[in-house]
Amino acid sequence: MSYDVVIIGTGLAGLTAALKALEQGLRTIVVSRGASTLEVMSGCIDLYGAAEDPWLGIGALIRENPGHPYALLEEENIYQALSFFIQEVKGICPYHHQEGFQNYRIPTALGQMRTTCLLPQGQVAAADADEHVLVVGFKGYRDFCSALMAEGMNKTGYSWRSIDVDLELIQGLNKSPGEKAGEIAVRNCFYQNSASVGSYQNSIQLAVCLERIWPLLAEELRPQVQDVDKVAFPAILGLDRYLELQQGLEESLGKRVFEVPTLPPSLPGIRLSKCLMNRIRQLGGDLLQHSFVVAAEKTGDICSKVLVKTAGKTREIQGKCYILAAGRMGGKWIALQGEEVADEKPGLLKGSLNGSDFSRRQCPAAFPQQDAELSMAGIKVNKQLQPIDTEGKILLANVFCAGSVLAGYDPFSEGSGGGVAIATGYRAAELAARGLRG
Ligand SMILES: Cc1cc2nc3c(=O)[nH]c(=O)nc-3n(C[C@H](O)[C@H](O)[C@H](O)COP(=O)(O)OP(=O)(O)OC[C@H]3O[C@@H](n4cnc5c(N)ncnc54)[C@H](O)[C@@H]3O)c2cc1C
């Protein structure tokens, strides 16, 4: 198999890079071993959350830390990347932004406010929290506590209420023998994989069921919403038909409705991931999932192919260039094969590990504040996003790195994860195309 560009990783960075590569007419494949952080993140894209004005914040950040991924880009690159992203997801998984990509302030499930830059359609009504909101939880659904959210908001001067809806009652489960056929179908939908709604734990199954029973939910809630401005739900209002569900609830309740991100799995992130992958297929890109890039072969400073473990066999994929978007840990395990560095590990990234002890890196920076150096570790790159060694020598001239595989930043404390992924993924694809055109 031979491509113009081989992209490793289906996180936000790899998927953005793939879309930009396809837009530029490159024959593109994306290889991924599995889930990405999209499946666990809130769905909101953080550009820079540690300052009220993200652009002023990024300016200060770059002056303080010239090794930051944002320092490798012009402000214009970031702006273009965010605009491109919005355009690509339009219609299927719409995102909203403020003028000039300024930050929104939205409430969290704990009832605190946080900043973010791009909001998915389901969360846009959460911006600038209103005084009177009804927070709706579901009895037996343990990943969201409506009372906790309302209590947190009320501590900061709001007047929110909470309610927990009993889905068993909504479905009329105690209503036999006069139960209607539609209600039986709804009940079956809940019962097919669990003994009772009380033990119902899977957000995805619940989201799919809500796509069918939302009119009954609206009916139950209508008398409760008269005195509120908006209604908040955990972010499980549908999977594929979530836009329809949100619109239906809003029309039925006569109130704006918004979703609040909960514990993983994240429906907003999964919807985004599905949307981006479908778009890649639509544009003619190839996606090879459940496939592990285990090694890269190099000749001189050129990567000639990657070895990919798929079910049952190992294949070779050749690219004229490569975009490494394998996340915080992924890329560090790709061994490099070639006459100069046979048997060496960690191979591809040798010499670019920011001086960190490799074995300690098996434990990722889940708590970055405990080890600032570790949380900033990753691949060092030059302005062309090519991996470099500690002396600045290019390790692989046809490899471009994007997203959280990059060194020099801490997505958690900065609130910059999604922004860096989109901006560097976009830029990596631009640089790859430029390199191919010579
Ligand atoms: C719990 C959590 C919550 C977060 N919440 C937010 C948020 O609300 N907003 C925000 O903006 N940011 C958030 N972030 C940060 C943000 O999600 C990440 O910084 C960003 O999405 C990273 O994207 P990525 O594409 O670089 O990497 P990843 O999303 O990690 O994707 C890496 C991809 O590479 C693949 N891969 C790895 N190794 C290999 C290999 N050898 N072969 C093939 N494939 C491989 C993986 O399977 C995966 O598909 C959160 C992060 C976490 C962990």
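This is a predicted model: local features need pLDDT of at least 70, side-chain atom pairs count only at pLDDT 80 or more; totals for chains, interfaces and linings use all residues.
Next I looked up what pairs with β2. Strand β1 (residues 2-8) is joined to β2 by 4 bridges, and the two run parallel. Ile 8 has Val 31 in β2 as its bridge partner. Between these strands the chain passes through helix α1 (residues 12-23), and this β-α-β crossover is right-handed. Strand β11 (residues 286-288) also runs parallel to β2, with 3 bridges between them. There, Ile 29 has Asp 286 as its bridge partner.

**The whole chain**

I then took the overall counts. The chain has 13 helices and 16 strands. Of its 438 residues, 48% are buried. I also checked contacts between residues at least 6 apart in sequence: 69% of them join residues at least 24 apart.

**The largest nonpolar core**

Which residues touch the most other members of the largest nonpolar core? I found Val 6, Ile 7, Ala 17, Ile 323, Ala 325 and Cys 401, in a core of 119 residues. Domain 1 (2-98 + 271-437) and domain 2 (109-260) both give residues to this core, so it lies between them.

Leaving out residues up to four places away in sequence, Ala 17 touches Ile 7, Ile 323, Ala 325, Ala 402, Gly 425, Tyr 426, Ala 428 and Ala 429.

In helix α2 (residues 54-64), I listed the buried residues as Pro 54, Gly 57, Ile 58 and Leu 61. Their arc around the axis is only 100 degrees, which puts them on the same side of α2. Leu 56 and Arg 63, on the other side of α2, are exposed.

In helix α4 (residues 146-155), the buried residues I noted are Ser 146, Met 149, Ala 150, Gly 152 and Met 153. These cover an arc of only 160 degrees, so they too sit on the same side of their helix. I looked up what covers them, and the list includes β4 (104-107), β7 (133-138), β8 (161-165) and β10. After α4 comes Gly 157, with a positive phi near 100 degrees.

**Strand β10**

Since β10 had come up, I turned to its residues, 256-260. I found 4 of the 5 buried, so the strand is largely enclosed by the rest of the structure. Strand β9 (residues 230-234) runs parallel to β10 and is joined to β10 by 5 bridges. Ala 232 stands opposite Phe 258 in β10. With helix α8 (residues 242-253), β9 and β10 make a right-handed β-α-β unit.

**Ala 218**

Is Ala 218 buried, exposed or partly exposed? I counted 19 C-beta neighbours inside 10 Å; a buried residue needs 20 or more, so Ala 218 is partly exposed. Ala 218 is in helix α7 (residues 203-221). Not counting residues up to four places away in sequence, Ala 218 touches Leu 249, Ser 252 and Leu 253. I also noted Glu 250, which is 32 residues from Ala 218 in sequence and 8.9 Å away in space, C-alpha to C-alpha.

**A hairpin**

Strands β12 (residues 292-299) and β13 (residues 302-310) run antiparallel, joined by 7 bridges. Glu 297 has Lys 305 in β13 as its bridge partner. The hairpin has 2 residues between the strands, and I found Gly 300 with a positive phi near 60 degrees.

**Backbone exceptions**

I finished with backbone angles. Most residues other than glycine have a negative phi, and most peptide bonds are trans.

Phe 101 is not a glycine, yet has a positive phi of about 50 degrees. I located Phe 101 in the loop between β3 (95-97) and β4. With 19 other C-beta atoms within 10 Å, Phe 101 is partly exposed.

His 290 also has a positive phi, near 55 degrees, and is not a glycine. I located His 290 in the loop between β11 and β12. His 290 is exposed, with 11 C-beta neighbours inside 10 Å.

My last entry is the peptide bond from Pro 264 to Pro 265, which is cis, with omega near 0 degrees. Pro 265 is in the loop between β10 and α9 (267-282).

How values were computed:
Residues are numbered from 1 along each chain as its sequence is written. A residue is buried if 20 or more other C-beta atoms lie within 10 Å of its own, exposed if 12 or fewer, and partly exposed in between; C-beta atoms are placed from the backbone. Two strands pair if DSSP finds at least two bridges between them. A crossover is right-handed if, with the strands pointing away from the viewer, the path from the first strand over the helix to the second runs clockwise. A nonpolar core is a set of buried Ala, Val, Leu, Ile, Met, Phe, Trp, Tyr and Cys residues joined through C-beta atoms within 7 Å. Domain bounds come from an automatic or database domain assignment. Two residues are in contact if their C-beta atoms, placed from the backbone, lie within 7 Å. The arc is that of the directions from the helix axis to the C-beta atoms.
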